[in-house]
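I opened this notebook to keep track of what I looked up in one model, entry by entry.

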Amino acid sequence: LPPRLGTGCMIIGCVNAYQDAELLGASLPPLATLVDRVILVDGAYRDFALYSDSPASNDGTQAIARAYGAEVLEAIPGLDEIQKRTRYFAGRNGDWYLVIDADEVVESSLAREDLRRELVLSAHDDYAIPFYQAEAPWESKHRTVLRLHRHRDGICYRGTHHAVHTPAADGLLRMAIRPQDAPRFERLKIRHLSRLRTVERMDRKAAYYQRLAVAEREFRAAHGL
């Protein structure tokens with residue numbers, strides 16, 4: 001049985017997906033070996049070019065995710081990337097969250113119990129994980145992504161999809177830690193499978209991220225982040 005919630009032991013794997021049926025066979029199995037539950041959030045972001053009249057995937061993403069044992073949160077129209085990612089944290093799902101996109105594979109020499117033991121004894125609430133392209137493993141020496149988070153009430157993404165926020169004593173939201181300042185969790189790595197994407201999908205993503213980058217720069221400037 002999985003550990004009891006609140007013991008500091010339950011690990012939730014969070015997967016961000018849209019039209020990712022062909023990639024889930026690579027991303028979900030290794031994640032499932034490290035976590036107690038997998039939650040997949042489906043749907044296109046607002047401003048991302050849709051593949052149908054609905055923001056939900058229509059390529060079998062949800063069915064395949066369920067076949068691998070993931071719990072699927074259905075697409076909600078009109079969410080931007082920050083709002084969609086915050087759905088991972090709705091309610092008290094777990095004690096730690098390990099977050100990936102559907103085109104990423106988490107790699108580790110740790111067994112689930114070993115990872116749980118390290119997190120229970122952790123001195124930090126948020127960790128950056130080495131990140132590299134599948135064809136360029138040397139990038140893991142330099143690049144990290146902020147994807148491992150301890151649960152606390154009010155945790156959410158706000159204004160940026162790269163860092164989580166948590167309420168401060170004055171009731172306002174504060175960035176928990178800047179990605180570039182986060183401690184590294186070296187026992188995990190994330191391998192990006194963007195090379196498996198179609199040219200069309202990469203073009204759609206590039207156009208979307210141009211708009212997102214502007215919105216996030218404006219948010220950081222307005223809040224002094």
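**Entry 1, ground rules.** I am working with a predicted model, in which local features need pLDDT of at least 70 and side-chain atom pairs count only at pLDDT 80 or more, while totals for chains, interfaces and linings use all residues. Residues are numbered from 1 along each chain as its sequence is written, and side-chain values use heavy atoms, with hydrogens and water left out.

I first looked up where Phe48 sits, and found it in the loop between β2 (37-42) and α2 (61-67); here helices (H or I, at least four residues) and strands (E, at least two) are DSSP runs numbered from the N terminus. Is Phe48 buried or exposed? I noted it as buried, with a relative accessible area of 8%, on a scale where buried means under 20% relative accessible area, exposed over 50%, and partly exposed in between (1.4 Å probe, protein chains only). Leaving aside neighbours within four places in sequence, I found Phe48 in contact (heavy atoms within 4.5 Å) with Tyr18, Arg201, Arg204, Lys205 and Tyr208. I also checked Phe48 against Tyr157, and the two are 109 residues apart in sequence and 19 Å apart in space, C-alpha to C-alpha.

I then turned to α5 (residues 199-223), which has 25 residues and reaches 36 Å from its first C-alpha to its last, close to the 36 Å expected at 1.5 Å a residue, where the expected span is 1.5 Å times one less than the number of residues. Its buried residues are Arg201, Arg204, Tyr208, Leu212, Glu216 and Phe219, and I recorded that these pack against α3 (81-86).

I used a 1 Å grid over the protein atoms alone, on which a cavity is a set of points where a 1.4 Å probe fits but cannot get out, a pocket is an open set with protein on both sides within 12 Å along at least five of seven lines, and lining residues have an atom within 4 Å of a point. Grid points are joined across faces, edges and corners, and a volume is the space filled by probe spheres set on the points.

For the largest pocket I noted a volume of about 440 Å³ and a lining of 21 residues, of which Arg143, Val145, Arg147, His161 and His162 lie nearest its centre. Strand β7 (144-150) gives the most to this lining, with four residues, and by class the lining has seven nonpolar, seven polar and seven charged residues. The second largest pocket holds about 230 Å³ of space, and among the residues that line it are Tyr51, Arg197 and Arg201.

I counted a salt bridge wherever a side-chain nitrogen of Lys or Arg is within 4 Å of a carboxyl oxygen of Asp or Glu, and the structure holds 15 of them. Arg147 forms one with Glu104, the closest N and O atoms being 2.7 Å apart. This pair links distant parts of the chain, with Arg147 in strand β7 and Glu104 in strand β5 (residues 104-108), 43 residues apart, and both residues are buried. Arg116 and Glu113 meet in another, at 2.3 Å, N to O; they are separated by about one helical turn because they stand three residues apart in helix α4 (residues 112-120). Arg116 is buried at 7% relative accessible area, whereas Glu113 is partly exposed at 45%.

Key. Nonpolar A, V, L, I, M, F, W, Y, C, P; charged D, E, K, R; others polar.
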